[in-house]
Amino acid sequence: MKSLWNDKEAAPFPGDLGLRVYTSRLLGRDNTLVLHGGGNTSVKIAEKNLLGEDETLLYVKGSGWDLEHIEAEGFSPIHIDRLLKLAKLKKLSDPQMMNELLTHRVRASAPTPSVEAILHAILPYQYVDHTHADAVIAITNTADGLSRIREIYGDNVVVVPYVMPGFDLARRCAEQFAADVRKNTIGMVLMNHGIFSFGKTAQESYERMIDLVTWAENYLAKYKAWVLPEASEKPMEKPLRRELAGLRRELSVTAGFPVILAAHEDAASLAFARREDIATISQQGPATPDHVLRTKRVPMVGRDVKAYAEAYKKYFNEHAPKAKEPKTMLDPAPRVILDREFGVATVGRSAKDAAITYDIYAQTMEVIQRATALGGWQALSAKDIFDVEYWDLEQAKLVGGGRPPVFGGEVALVTGAASGIGKACVDSLLARGAAVVGLDINPAITGLYSRPDYLGLVSDVTDEKQLIEALEKTACTFGGLDMLILNAGIFPPGCRIDSLTTMEWDKVMRLNLDANLMLLREAHPLLKLAPKGGRVTVIGSKNVPAPGPGAAAYSASKAALNQLARVAALEWGADNIRINSLHPNAVFDTGIWTEEVLQARAKHYGLTVEQYKKRNVLKVEVTSRDVAELAAEMCGPLFAKTTAAQVPVDGGNERVI
Ligand code: ZN
């Protein structure tokens, strides 16, 4: 591990706090040191307050900030004197401790200080850095971890046996540090948790962290436990979408809410899931207590959700205090699944959630494999893990999330999604918390958004093979399919029946009708497994109830699609799938309606463009967003008891009315 310190880069960061920001970011850049909000740093600064009095403040990382992107305001300034007095108390509950941290900040807008603030305060150095470095954890989480840590570091570090994070840990560290500190001490190792470094300057403290972790890496290398086994595993070729969707349904029922199930079939994940000893090494517990809520105590090996939930209930009952404050069991569904066929799958309330859990587990896999190579992975006891999982402060994090979005944990697929109504549908669904797959023949679809809850696939919906592939990718990425928006279609140039060629007719039918039949047919097994029931919204057309001359192929295709949707509603009601249509008209903010075309059409009717756009009963302009919002709502609870409905979104059309 190399120091990333660079004088030139550091220069623009002003003062002690500025350099604290800089080296915190350096730590944050390395995933093997800190990951997703893990780790924390601090600096002690003497300042004059408003009254001209001298005081020393501890600036400690606030929650909600990750080190990689932290700014000066991400550090919470607290009166250090108060913290040092607290550290001497025999007893302090964690909620009391948090109350003290919050009430002794000197900036009202500062974030909630890290729960490890007191621990930072008691270390008598200006700069303190704390990480959950993978290499150190791989060594501490072995049967003889303690003697190995002593062998590596001697009295360069103070070693603290495992204590759950919170006040008791801070106190224990204070005592251990006072007893064991030597002249050459530059850090502190917390068994089964992580490592601290400290120093007079930001650079010194940071570079000591790099040194200490490098020693651990070298130690692992010496015992042939650093280089991970080569992975060349290949995913199985057989389709997995129905199995994944079935599993996701079971997980959702067990959790009590819809979940995203994200499968990772990369060689490393498959190699890990296919290890001979997987049933042993994966069942010990997480790498650090920090990860319990994300990964649950242990992953599920295989697909028996019922057995997993039973085991979880047993674990809860064994460890939950029977005393006056009974704990309420969290949902018993797993968050990580190890499977020989689909590798490592993670479960979350949203795609982002599942992605973070995967990042964490990907590193856990490395830590487990290194510790196993070193002589045997051994994590915390089930009781210790329970205490963290059901810790008051962790529980507060869980309930603090507010109401989940209406489509949280659900998956939608939109065709023709690169522009116009389709793209607006993607936006409306994302805004409601769904993970969205956009299909389009236009390659721009892949780059529409770069976020974990969006997947853009280039796909010709008239090609059966490509459609099936898209559904397979959907299920592998998000676990299944809940909502389908049939939007892709063409509106060919006007042509009267007497000159309509068979080729043109076929082309329109293939895209506007046949493609939708194929997609409905192939999506049906997945929609049937949707935890809250499948939903389909068909983007129809005003031309269904009120066709226009010169649009025979278009009107006929949309009318046939309308009839197809009605039959689907009849056939699929028993599968709890609803299918509704909406009929837009005169939506002009799409690609085909350039300013030029609009002007020509308006002129043709002797109207201004403005008048032309609002040529309806309500005299309103109908936008892509209007259509998309209705399409999304039709998948929502408002339409929960409606199927086979046809709703116009056209500002009122006299021929339709
Ligand atoms: Zn920590």
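Over the ring of which residue does the charged end of R297 sit? In this predicted model, the charged end of R297 sits over the ring of Y315, at 5.1 Å from the centre of that ring. The legends below treat this site and several others.

**Figure 1. Charged side chains over aromatic rings, and an aromatic cluster.** The view shows Y315, whose ring has the charged end of R297 over it. Y315 also belongs to an aromatic cluster, which Y312, F316, F386 and Y390 form together with it. A further arrangement of this kind involves R349, which lies over the face of F257. Here the distance to the ring centre is 3.7 Å.

**Figure 2. An aromatic pair formed by F491 and Y554.** A pair of aromatic rings is described by two quantities, the distance of the centres and the angle of the planes. The count for this model comes to 19 aromatic pairs. In the pair of F491 and Y554, the ring centres are 4.6 Å apart and the planes stand at 80°; the pair is therefore edge-to-face, since planes over 60 degrees apart are classed in this way. The two residues come from distant parts of the chain, 63 residues apart. F491 lies in the loop between β15 (483-486) and α20 (502-527), whereas Y554 belongs to helix α21 (residues 552-572). F491 counts as partly exposed, with a relative accessibility of 47%. Y554 counts as buried, with a relative accessibility of 11%.

**Figure 3. An aromatic pair formed by F588 and W593.** The ring centres of F588 and W593 are 4.7 Å apart. Their planes are at 85°, so this pair is edge-to-face. F588 is buried, and its relative accessible area is 5%. W593 counts as partly exposed, at 21% relative accessibility.

Figure 4. Strands of a sheet pair through backbone hydrogen bonds, either parallel or antiparallel. In this sheet the pairing is parallel, and the strand order is β14-β13-β12-β15-β16-β17-β18. At the edges are β14 (454-458) and β18 (646-649), each of which pairs on one side only. From one strand to the next, the twist averages 15°. Within the sheet, 3 bridges pair strand β12 (residues 411-415) with β15 in the parallel sense. V414 stands opposite I485, a residue of β15.

Figure 5. Helix α18 (residues 420-431) lies across β12, β13 (435-440), β14, β15 and β16 (534-539). The direction of helix α18 is at about 170° to β12. Helix α20 lies across β12, β15, β16 and β17 (577-584). Relative to β15, helix α20 runs at about 175°.

**Figure 6. An open sheet of 7 strands with mixed pairing.** The strand order in this sheet is β3-β2-β1-β4-β7-β6-β5. Strands β3 (75-79) and β5 (157-160) stand at the edges with a single partner strand each, so one side of each has no neighbour in the sheet. The twist from one strand to the next averages 20°. Strand β1 (residues 40-48) runs antiparallel to strand β4 (residues 127-131), and 4 bridges join them. Across this pairing, T41 has D129 in β4 as its bridge partner, and N40 has H130.

Figure 7. Helix α9 (residues 202-222) lies across β4, β5, β6 and β7, and runs at about 145° to β7. An unreviewed UniProt entry lists residues 19-220 as "domain: Class II aldolase/adducin N-terminal". Over residues 19-220, the chain is 41% helix and 20% strand. The end C-alpha atoms of this stretch are 31 Å apart.

Conventions
Residues are numbered from 1 along each chain as its sequence is written. This is a predicted model: local features need pLDDT of at least 70, side-chain atom pairs count only at pLDDT 80 or more; totals for chains, interfaces and linings use all residues. Side-chain values use heavy atoms; hydrogens and water are left out. Rings of Phe, Tyr and Trp (its six-membered ring) pair if their centres lie within 6.5 Å; planes under 30 degrees apart count as stacked, over 60 as edge-to-face and the rest as tilted. Buried means under 20% relative accessible area, exposed over 50%, partly exposed in between (1.4 Å probe, protein chains only). A charge sits over a ring if NZ of Lys or CZ of Arg is within 6 Å of the ring centre and within 35 degrees of the ring normal. UniProt positions are given in the numbering used here, feature names are shortened, and annotations may be inferred rather than shown by experiment. Two strands pair if DSSP finds at least two bridges between them. Axes are lines fitted to C-alpha atoms, for helices over the stretch in contact, and angles run from 0 to 180 degrees between N-to-C directions. Contact means heavy atoms within 4.5 Å.
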